[in-house]
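Hi! Here are a few notes to read alongside the model, written as numbered points. Have the sequence and the 3D view open while you go through them.

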Amino acid sequence: EQSGYIHVWQKKEDGSHQFVNERFDNFSEAFIAKQWELENGLPVDLYCRQQTYHEKWWQAGSVKHTPVKSLHTLTIDLDCYNKGLSPTQAVEGALNELRLEGIPAPNHVDYSGNGTVGGAYLRWLLEPRDAENGLERSRDTKLWKSCIAKLVEALEMFGADQNAKDLARWLRVPGSVNSKYSQDGNGAPSFREHIHDDLVDL
């Protein structure tokens, strides 16, 4: 069986955009960041979609038609600055709220800046779900969307983005540089905190 496609996008300094897609068996942001750096230089403002897909590409704004091959992650985008919180404050509060709600902790916390600026992503890694037909694909998509909606609702007080609930979502690749927080031409490097390795079964 053929691998699915990963979708990668870089917003360049001159305002142009560079898009890359290629077949890959497993979604791996570490692989994406390293390969990009080897082939294209420092990964500044590098983003990727969060699953693997049947198609090389589709209209960026088209979230009703999302040709997902395999689900790999559940990710909550904490726009903590909208709540007057620092990234570390929001993450600490969110992890505590998850414990109180009896929800498993995410595998990773990814900071979109250096931990003092920017936001943060909470990522749960999923047991691979390769739908074999349209009925299974529809079932898995509904289950994924239900989980995302409940997580966003639970973490709203910490800035969980109400709009980041679709399978076409672009999120910053950990290890790439966030140019929005540039000082003397140097942006803030994003980074990842690892929590555990257990995969979640939807």
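**Notes on the predicted model**

1. Let's start with the open space. The largest pocket holds about 330 Å³. The points are joined across faces, edges and corners, and the volume is the space filled by probe spheres set on them.

2. Before going on, a word on the ground rules. This is a predicted model, where local features need pLDDT of at least 70 and side-chain atom pairs count only at pLDDT 80 or more, while totals for chains, interfaces and linings use all residues. Residues are numbered from 1 along each chain as its sequence is written, and side-chain values use heavy atoms, with hydrogens and water left out.

3. Back to the pocket: who lines it? The lining of the largest pocket has 18 residues, and Y47, D77, D79, Y121 and K180 lie nearest the centre. Two elements, β8 (170-172) and β9 (177-183), each give two or more residues to this lining. Sorted by class, the lining of the largest pocket has 7 nonpolar, 4 polar and 7 charged residues. For the classes, Ala, Val, Leu, Ile, Met, Phe, Trp, Tyr, Cys and Pro count as nonpolar, Asp, Glu, Lys and Arg as charged, and the others, Gly among them, as polar.

4. Now the overall layout. The chain has 3 helices and 11 strands, and along the sequence they follow β-β-α-β-β-β-α-β-β-α-β-β-β-β. Both kinds of element are DSSP runs numbered from the N terminus: helices are H or I with at least four residues, strands are E with at least two. Of the 202 residues in the chain, 46% are buried (buried is under 20% relative accessible area, exposed is over 50%, partly exposed is in between, with a 1.4 Å probe and protein chains only).

5. How does the chain meet itself? Among contacts (heavy atoms within 4.5 Å) between residues at least 6 apart in sequence, 64% join residues at least 24 apart.

6. Y5 counts as buried because its relative accessible area is 10%. Setting aside residues within four places in sequence, Y5 is in contact with N21, E22, R23, Q51, T52, Y53, H54, E55 and K56.

7. Beyond its neighbours within four places in sequence, E97 is in contact with A154, L155, M157 and F158.

8. For a contrast, look at P104, in the loop between α2 and β6 (108-111). P104 is exposed, at 51% relative accessible area. Not counting residues up to four places away in sequence, P104 touches L98 and W124.

9. Finally, find L202 in the segment after β11 (191-194). Not counting residues up to four places away in sequence, L202 touches L71, L74, L126, R129, L143, W144 and C147.

Note on methods:
1 Å grid on protein atoms, 1.4 Å probe; cavity = no way out; pocket = protein on both sides within 12 Å on 5 of 7 lines; lining within 4 Å.
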